[in-house]
Amino acid sequence: MKQEVPYKIYLNENEIPTQWYNVRADMKNKPAPLLNPGTGKPLTLEDLNPIFCEELNKQELDNDTRFFDIPEEIQNFYKMYRPAPLVRAYFLEKALGTPAKIYYKFEGNNTSGSHKLNSAIAQAYYAKKEGLKGVTTETGAGQWGTALSMACAYFDLDCKVYMVKCSYEQKPFRREVMRTYGANVTPSPSLTTNVGRKILSEHPDTTGSLGCAISEAVEVAVTNPGYRYVLGSVLNQVLLHQSIIGLETKAALDKYGIKADMIIGCAGGGSNLGGLIAPFMGEKLRGEADYQIIAVEPASCPSFTRGKYAYDFCDTGMICPLAKMYTLGSQFIPSANHAGGLRFHGMSPVMSQLYADGMFEARAVEQTAVFEAATQFARVEGILPAPESSHAIRVAIDEALKCKETGEEKTIVFGLTGTGYFDLYAYEQFNSKTMTDVIPSDELIKEYLDKLPKVPGQE
Ligand SMILES: *Cc1c(COP(=O)(O)O)cnc(C)c1O
């Protein structure tokens, strides 16, 4: 095999970025502010401080500072599992017979099995620095809860995780990893909160949703002194922390003089994609370079491709701030046979504004096609990918096959956000051919979108 670049491009430890990059600083149209659902007014630091950590709120509201120094304690923690390798997918290229050059940034080399640890450690650090006792959060597939448990163990903080009930039951081993790191894990909806009791009384058989778990975690944070709520995606601060993915990717490409043509990432709440593309999007926004960027989402939860760009609640219980985002409605829950993750009804406000401005495209893919790509990738590249990550693999393969037809030698970079060891129930469905593709009808989506909250000034 002719190798122009190594199979894995590793940065040296001293080349790991020491600042996060805030893409908002380069956006002409800034993301819409979070609104107070009671007053319809933009949230201020004073509104946010009782719910989230103060330093993180400053990051949340800062649309102008281009770079934030990464505190030394966080840099040290990053060294435990970073730099993440940028891998040239020589074996996949060969299997596809494509002239395209495919690279993937692998974020699965830590116990949480995903990129979520990049933001979890930052959020735990600021909570500890503020002198808090602990943090609360929700977790769906479980990666975020695991990452936060690891980060809280490191800084000796209490960690209360509300885990979507169907996931809690399907993935008992994820729960045990969290408990091993000292977290307290409760299936949601639960009887431990007012909002959980209300949801259970109205829907006794519900298997839960992310939106519902968020409502419970927020309630526990605001009613317990010394606790704050932390969120693993969607928020501006999370995208800021995840910029480490893109900064490392760009540094690794630059090291070998490689220019990406196309950058592909999966999109749930938009944090890994936002992080991966951050420095590239910055160049695009400043008119210095151009890239084709593709967000990939599940056809069963298609926020970008079939949602509406509007203010909506981030949670089912409708107690969280309103965010302007591509949304399917806060009451939307993907079909129960959807096993591929990326189940959140909305999308990061930063990514939503960039999408509304035509800065990238989005594609929705069906889960059986996603697991076909996952299997193909696992067999040649060796890594068992997370179902979420496999959405990006699907489109990377599709694009590489197009290059085979046209003979174009495009350079494709995609985000391989994590590993799938805890997703074997989903793999089992695929392998046993019981997996189906359920795509919501236009009527169903309209029904949820008709219930979007009325916000003054929004049609
Ligand atoms: C959480 C997660 C995602 C999706 O979340 P984003 O905020 O959209 O990045 C993707 N892949 C993995 C492995 C995850 O854990």
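A residue counts as buried when its relative accessible area is under 20%. By this criterion, both Lys171 and Asp423 are buried in this predicted model. These two residues also form a salt bridge, in which the closest N and O atoms are 2.8 Å apart. Lys171 belongs to the loop between helix H7 (165-170) and helix H8 (172-180), whereas Asp423 belongs to the loop between S15 and helix H17 (424-431), so the pair ties together parts that are 252 residues apart in sequence.

Side chains of opposite charge can pair when their charged atoms come close. The count for this model comes to 25 salt bridges. One of them joins Glu409 to Lys101, with 3.3 Å between the closest N and O atoms. Because Glu409 is in the loop between helix H16 (387-406) and strand S15 (411-416), and Lys101 is in strand S5 (residues 101-106), this pair ties together parts that are 308 residues apart in sequence. Glu409 is exposed, its relative accessible area being 55%, while Lys101 has 18% relative accessibility and counts as buried.

A further salt bridge lies within a helix. Lys58 pairs with Glu55, and their closest N and O atoms are 3.8 Å apart. The two residues are 3 residues apart in helix H2 (residues 54-61), which means that about one helical turn separates them. Lys58 is partly exposed, with a relative accessible area of 41%, and Glu55 is also partly exposed, at 31%. Elsewhere, salt bridges with shared partners join Asp26, Arg66, Arg286 and Glu288 into one network.

The next topic is the packing of helices. Two packed helices are described by the angle between their axes and the distance between the axes. For helix H3 (residues 72-81) and helix H5 (residues 117-129), the axes come within 10 Å and cross at roughly 150°. H3 is therefore roughly antiparallel to H5, since angles over 145 degrees fall in that class. The crossing of H3 past H5 is right-handed. On the H3 side, the residues that meet H5 are Glu73, Ile74, Phe77, Tyr78 and Tyr81; on the H5 side they are Leu117, Asn118, Ile121, Ala122, Tyr125 and Tyr126. Sorted by class, this contact has 9 nonpolar, 1 polar and 1 charged residues.

The loops also deserve attention. Leu43 lies in the loop between strand S2 (19-21) and helix H1 (45-48), and it is buried because its relative accessible area is 10%. Leaving aside residues up to four places away in sequence, Leu43 touches Leu34, Leu35, Asn36, Leu48, Leu61 and Pro321. Between Leu43 and Asn22 there are 20 Å from C-alpha to C-alpha, and the two are 21 residues apart in sequence.

Most residues other than glycine have a negative phi, and most peptide bonds are trans. The peptide bond from Arg82 to Pro83, however, is cis, with omega near 0°, and Pro83 is placed in the loop between H3 and strand S4 (86-88). The bond from Ser188 to Pro189 is cis as well, with omega near 5°; Pro189 is in the loop between strand S8 (184-188) and helix H9 (194-202).

Asp156 is not a glycine, yet has a positive phi of about 55°. This residue is found in the loop between helix H6 (143-155) and strand S7 (158-164), and at 63% relative accessibility it counts as exposed. Leu342 likewise has a positive phi of about 55° without being a glycine. Leu342 is found in the loop between strand S13 (322-327) and helix H14 (349-356) and is buried, with a relative accessible area of 11%.

How values were computed:
Residues are numbered from 1 along each chain as its sequence is written. This is a predicted model: local features need pLDDT of at least 70, side-chain atom pairs count only at pLDDT 80 or more; totals for chains, interfaces and linings use all residues. Side-chain values use heavy atoms; hydrogens and water are left out. Axes are lines fitted to C-alpha atoms, for helices over the stretch in contact, and angles run from 0 to 180 degrees between N-to-C directions. Helices (H or I, at least four residues) and strands (E, at least two) are DSSP runs, numbered from the N terminus. Angles under 35 degrees count as roughly parallel, over 145 as roughly antiparallel, 65 to 115 as roughly perpendicular and the rest as oblique. A crossing is left-handed if the near helix is turned anticlockwise from the far one by less than a right angle, and right-handed if clockwise. Contact means heavy atoms within 4.5 Å. Ala, Val, Leu, Ile, Met, Phe, Trp, Tyr, Cys and Pro count as nonpolar, Asp, Glu, Lys and Arg as charged, and the others, Gly among them, as polar. A salt bridge is a side-chain nitrogen of Lys or Arg within 4 Å of a carboxyl oxygen of Asp or Glu. Buried means under 20% relative accessible area, exposed over 50%, partly exposed in between (1.4 Å probe, protein chains only).
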